[in-house]
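This report describes how parts of one protein chain are held against each other. Please look over the sequence and the model before reading on.

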Amino acid sequence: MDQMNQIVARNIRRLREEKKLSMDELSRLSGVSKSMLSQIERGEGNPTISTLWKLSNGMRVPFDALTVRPKAAFEIVRTEDIQPIQEDAGKVRNYPIFPDDENRRFAVYYLELEPDSFWQSESHLQGTTEFITVFAGEVEITAAGRRFQASRGESVRFRGDTPHTYRNPGGEMAILHMILYNP
């Protein structure tokens, strides 16, 4: 299976070319430097979730368009085969299990948040809704000025088209599933 940075590299280059954007234009639209963009398109390094959000917002495509893998008639996904996208010095790991293919309008992620980890997410596309289910530990989510706490067996739904944060306030790893609905 391809490494996630190679998948992201191919998708960003394809989407940028489909939209007839130069690297300079995408850099200006996203706020990601041209040198960083060039490095990402070559498949070098591991861009953060925040960097990928900036690029997806700059191109006006769902985040998942950057992480979508080639299609097959069926797919068995093993988390250990997926290179996670990381934040907070690797304490937040986001595994794109079923990225949005730009037609399905939803994506499924598996997240691991180490104790005391924090991740601030950029706003997603207008109308995006996030559905979070906690399978272990606890998570504190702040969105649209409200704070939600969810523990094992609880779920939270909120608008993802505003900046929002995730924090693991507990002493054990938090494990979440996230469904992102893109209207």
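## Salt bridges

The model has 10 salt bridges, each being a side-chain nitrogen of Lys or Arg within 4 Å of a carboxyl oxygen of Asp or Glu. The model is predicted: local features need pLDDT of at least 70, side-chain atom pairs count only at pLDDT 80 or more, and totals for chains, interfaces and linings use all residues. Residues are numbered from 1 along each chain as its sequence is written, and side-chain values use heavy atoms, with hydrogens and water left out.

One of the salt bridges joins Arg 13 to Glu 41, with the closest N and O atoms 3.7 Å apart. Arg 13 belongs to helix H1 (residues 4-18) and Glu 41 to helix H3 (residues 34-41), so this pair links distant parts of the chain, 28 residues apart; helices (H or I, at least four residues) and strands (E, at least two) are DSSP runs, numbered from the N terminus. Arg 13 is partly exposed at a relative accessible area of 31%, while Glu 41 is buried at 3% (buried means under 20% relative accessible area, exposed over 50%, partly exposed in between, with a 1.4 Å probe and protein chains only). Arg 13 and Glu 41 also form a salt-bridge network with Arg 16.

## Two further pairs

Asp 24 and Lys 34 form a salt bridge whose closest N and O atoms are 3.5 Å apart. Because Asp 24 lies in helix H2 (residues 23-30) and Lys 34 in helix H3, the pair ties together parts that are 10 residues apart in sequence. Asp 24 is partly exposed, with a relative accessible area of 46%, and Lys 34 is partly exposed as well, at 41%.

Glu 112 and Arg 93 meet in a salt bridge of 2.9 Å, N to O. This pair links distant parts of the chain, 19 residues apart, with Glu 112 in strand S3 (residues 106-113) and Arg 93 in strand S2 (residues 92-98). Both Glu 112 and Arg 93 are buried.

## Aromatic pairs

There are 5 aromatic pairs in the structure. Rings of Phe, Tyr and Trp (its six-membered ring) pair if their centres lie within 6.5 Å; planes under 30 degrees apart count as stacked, over 60 as edge-to-face and the rest as tilted. Trp 119 and Tyr 166 make a stacked pair, 4.8 Å centre to centre and with 15° between the planes. Trp 119 is in strand S4 (residues 118-121) and Tyr 166 in strand S9 (residues 164-167), so the pair ties together parts that are 47 residues apart in sequence. Trp 119 and Tyr 166 are both buried.

One aromatic cluster is formed by Trp 53, Phe 63 and Tyr 109.

## Helix packing

The axes of H1 and H3 are 7 Å apart, and the two helices pack at an angle of about 115°. Axes are lines fitted to C-alpha atoms, for helices over the stretch in contact, and angles run from 0 to 180 degrees between N-to-C directions. The contact (heavy atoms within 4.5 Å) is made by Asn 5, Val 8, Ala 9, Ile 12, Arg 13 and Arg 16 of H1 and by Leu 37, Ile 40 and Glu 41 of H3.
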